[in-house]
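Please report on how this chain packs. Cover the first helix, the nonpolar core and the charged pairs.

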Amino acid sequence: MKTTYLNNDAAQYWWLMFCSGILFIGLGIWILAAPVSSYLSLSLLFAFGMIFAGIFEVTFSVSNRKRLHGWGWTLSGGLIDIFLGAYLLNLPLLTMVIMPVIIGLWMLFRGFMAISSSIELRAYGVLDWAWLLLTGILIVVLSVLIIADPFFGAINIVVWTAFAFLLSGIFRILLSMQLRSLARNL
């Protein structure tokens with residue numbers, strides 16, 4: 001028996017994913033608009049952004065636990081966001097040193113989750129699943145660029161992270177629109 005991402009009305013809380021997407025896009029725009037901001041304030045901004053996005057995702061997964069097959073993956077992603085956000089918030093000086101690797105690994109995990117979600121949506125006949133897959137692949141590519149050369153990542157963390165946040169936000173908004181559409185059709 002095939003396990004699918006959605007079951008009937010699991011997407012009724014699509015707006016939580018939408019809110020986290022808006023949050024990530026806002027973070028990405030702010031990062032691009034204020035590249036000269038201190039590295040410390042950037043780590044604090046990441047921390048708060050990850051915590052709030054994690055809260056949205058945990059709420060989404062718990063709200064849909066009876067209707068969402070594999071909801072534990074979404075829950076674990078949200079918990080990882082909250083954990084990393086709390087870590088970044090509590091140890092900002094150490095975080096400045098290792099932030100490129102943390103952000104790169106976090107975005108790599110998010111990219112693979114995006115790819116997996118797009119493949120699951122394909123099983124439901126969603127026509128725009130390929131755009132979601134492409135977005136997930138781009139998130140993975142950006143994360144690998146950050147991880148591959150942490151010094152380069154530290155120098156360019158503002159730009160790469162902004163693009164990664166923008167892509168992650170776009171993915172979450174596209175996913176939420178697909179979830180909303182599926183909820184209406186199911």
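In helix 1, the buried residues are Leu16, Met17, Ser20, Gly21, Phe24, Ile25, Leu27, Gly28 and Ile31. Buried means under 20% relative accessible area, exposed over 50%, and partly exposed in between (1.4 Å probe, protein chains only). Helices are DSSP runs (H or I, at least four residues), numbered from the N terminus.

This is a predicted model: local features need pLDDT of at least 70, side-chain atom pairs count only at pLDDT 80 or more, and totals for chains, interfaces and linings use all residues. Residues are numbered from 1 along each chain as its sequence is written, and side-chain values use heavy atoms, leaving out hydrogens and water.

The length of helix 1 agrees with expectation, because its 20 residues should span 28 Å at 1.5 Å a residue and its end C-alpha atoms are 29 Å apart. The expected span is 1.5 Å times one less than the number of residues.

Next, the core. The largest nonpolar core has 36 residues. Such a core is a set of buried Ala, Val, Leu, Ile, Met, Phe, Trp, Tyr and Cys residues joined through side-chain atoms within 4.5 Å. Ile31, Phe46, Met50, Ile103, Trp106 and Phe165 touch the most other members. Two or more residues come from each of helix 1 (14–33), helix 2 (39–63), helix 3 (71–90), helix 4 (92–123), helix 5 (129–148) and helix 6 (150–185). Helix 6 gives the most, with ten residues.

Met50 touches Asp81, Ile82, Leu84, Gly85, Leu88, Ile103 and Trp106, leaving aside residues up to four places away in sequence. Contact here means heavy atoms within 4.5 Å.

Now the charges. Side chains of opposite charge can pair when their charged atoms come close. The whole structure holds four salt bridges. Each is a side-chain nitrogen of Lys or Arg within 4 Å of a carboxyl oxygen of Asp or Glu. The table lists some of them.

| Salt bridge | N to O distance |
|---|---|
| Arg110 and Glu57 | 2.8 Å |
| Arg172 and Glu57 | 3.3 Å |
| Arg172 and Asp81 | 3.8 Å |

Arg172 lies in helix 6 and Asp81 in helix 3, so their pair ties together parts that are 91 residues apart in sequence. Arg172 counts as buried because its relative accessibility is 3%. Asp81 counts as buried because its relative accessibility is 0%. Shared partners join Glu57, Asp81, Arg110 and Arg172 into one salt-bridge network. Arg110 and Glu57 are both buried.
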